[in-house]
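Please open the model in your viewer and keep the selection panel within reach. The tour below moves from one selection to the next and says what is to be found at each stop.

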Amino acid sequence: MKNKNLKILFITSEASPFVKTGGLGDVSSALPQSLMELGNEVRLVLPKYGAVDERKFKIHEIVRLKDIPIHLGNEIELVSMRSCFLVGNKTKVQIYFFDNQKYFGSRKGLYQDVNTKKDYPDNHERFILYAKGIMELIKKLGWTPDIIHCNDWQTGLIPAYLKTVYGDLEILKDTKVVFTIHNVEFPGVFPKEVFKLTGLPESVLNEITVNDGSKISFLKAGVVYADAVTTVSEKYAEELCTIDELGGIIKNTLKKRKNDFYGIINGVDYSVWNPENDKYIPAKFSIKDLSGKTENKKSLLEYLKLPVELDVPVIGTITRFAEQKGIDLIEGAIEDLLNLDLKYVLLGQGDKKYQQFFEKIQKKYPEKFAFYYGFNEELAHLIEAGADMYLMPSKYEPCGLTQLYALKYGTIPIVRYTGGLADTIIRVNGNDANGTGFVFKKYEVEDMMKEIKRALKLYQDKEFWIKLMKKAMSLDFSWYNSAKKYVELYKKLLKDVK
Ligand code: ADP
Ligand code: GLC
């Protein structure tokens, strides 16, 4: 197996540019492309939600993969695969869209109703159908993967199917399955009663129950049945096994699997997130010529209708409004923050209570604070490019991508020491510029404010700051190294296979 290039089926629930709610979408697009650049053959599966633009992406039917009947409890659902290519700079990844009108095609939201912002009540049915349907589709594909790479709870049942119901399938006898945890916050927990819809044997039920046996977790299924489990930074891997609050319901299961559990840091797709060629930003710039950075700062302030005062530092944040992201800290600090000589721009969506709070603050500080509620890809790029600093005070963070993007745009991260943030940002000490950002430890407003003030003070030393920006921009977090680690892992799993 050692020198053979691999066939990898990458299964996910979102991928940029088709559909994305967060970092999983970025990873699911970039990692398959990097694996292909390393010489492997990768195909990607994702649901065809109503939000996927069929015309724009030229998605077409595959006649032989049409209307396949899948049992879901007593019902039969028809599923089909449609297809297109994700064309990158050097690669072309074949995409299979999992198509079923009732559960995916008729809905704009991925996991939640876009109007109510509540999880769809039948998410269990949707992702049981997805997992089961993919198993049937693999049978008909005529292309046998060496590796099936699953991501997060939405795909967690696939390893369980592979090891039980489909365990005797001749074509898959040499196939290994990897399961990546992007976030334990979403464990895919449902009442035990839904288990009967899966058609999995009773032995699986015992393995995947949680909460004193009254519920089951699809994430746990992935952890129990995959040949190897990974997560998206080394620090988060360690935290999951040692901190109750983070490991949650799978902490003990992960500990049991510690010999098969790996932390592999995410990378950045520099064909998308790079100030030299970013299609969303008005002025391109590079280490050699930073002048465009100021133009982007001006555009950012104009876009958000803030007064254009270019000497005043701008701090930016792009986030989901979730407890994980440290929104409570931002909320607690915001008035102190806005009383400093700076501007703060916040792009986010999620929990309504935060929306209302930040809207009020915006009314109170219209010259210093801009808040954009919603999902806005263009503005996300403009913030990365136009801000001077990037604030990410996460309570926990499996990896985090936006701080890595910020580095590339010379936008200096201010982060809390947790998970992937701890693994990727080195604290600036004094003004020796050995560090790459500002890092605080305690999940407290005071600690965060102290570090922000330290950054603001050093920002006044222009010579130092430019050195720091150039250092940040020169760092290489491309996918190359991490994709190689995945390939090493795949090959290790396959080493006994002839
Ligand atoms: P997470 O996956 O936990 O949300 P990451 O830092 O890994 O965090 O990735 C977040 C991704 O989602 C980035 O590409 C970021 O730009 C994007 N993003 C998050 N919120 C928004 C938003 N409101 N509008 C546009 N992009 C967003
Ligand atoms: C999750 C995590 C984030 C990570 C992303 C991609 O959404 O919250 O930290 O970067 O997945 O792995």
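Predicted model: local features only at pLDDT ≥ 70, side-chain atom pairs only at ≥ 80, totals over all residues.

**Stop one: the ligand**

Begin by selecting ligand 1 together with the residues around it, a shell of 22 residues in which the closest are Gly-23, Asp-26, Arg-320, Lys-325 and Gly-374. If you colour by secondary structure, you will see that helix H1 (23–37), strand E14 (314–321), strand E15 (343–350) and helix H14 (402–408) each supply at least two residues of this shell, and that E14 gives the most, with three residues.

At Gly-23, a backbone N or O atom lies 2.6 Å from an oxygen atom of ligand 1, while at Lys-20 an N or O atom in the side chain is 2.9 Å from an oxygen atom of ligand 1. Moving to Thr-402, you will find a backbone N or O atom 3.3 Å from an oxygen atom of ligand 1. How much of ligand 1 does the protein bury? Taken alone, ligand 1 exposes 560 Å², and the protein buries 94% of that.

**Stop two: a sheet of three strands**

Now select strands E9, E10 and E11, which form an open sheet in the order E9-E11-E10 with antiparallel pairing. Strand E9 (189–191) and strand E10 (209–210) stand at the edges, and because each has a single partner strand, one side of each is left without a neighbour in the sheet. Between E10 and strand E11 (residues 215–217) the antiparallel pairing runs over two bridges, and if you label residues here you will see Val-210 standing opposite Lys-215 in E11.

**Stop three: Gln-94**

Finally, select Gln-94, which has its place in strand E6 (residues 92–99). Is Gln-94 buried or exposed? Its relative accessible area is 18%, and since buried means under 20%, Gln-94 is buried. Leaving aside residues up to four places away in sequence, Gln-94 touches Val-42, Arg-43, Leu-44, Ser-83, Cys-84 and Phe-85. With side chains shown, turn to Ser-83, whose side chain is joined to that of Gln-94 by a polar contact of 3.0 Å.

Key:
Residues numbered from 1 in each chain as written. Chains lettered and ligands numbered in written order. Heavy atoms only, no water. Pairing = 2+ DSSP bridges. Helix = DSSP H or I, 4+ residues; strand = E, 2+ residues; numbered from the N terminus. Buried < 20%, exposed > 50% of the residue type's maximum accessible area, 1.4 Å probe, protein only. Polar contact = N/O pair within 3.5 Å; in protein donor to acceptor, adjacent residues only side chain to side chain. Contact = heavy atoms within 4.5 Å. Near = heavy atom within 4 Å. Areas by Shrake-Rupley, 256 points an atom, 1.4 Å probe, with all protein chains shown as cover.
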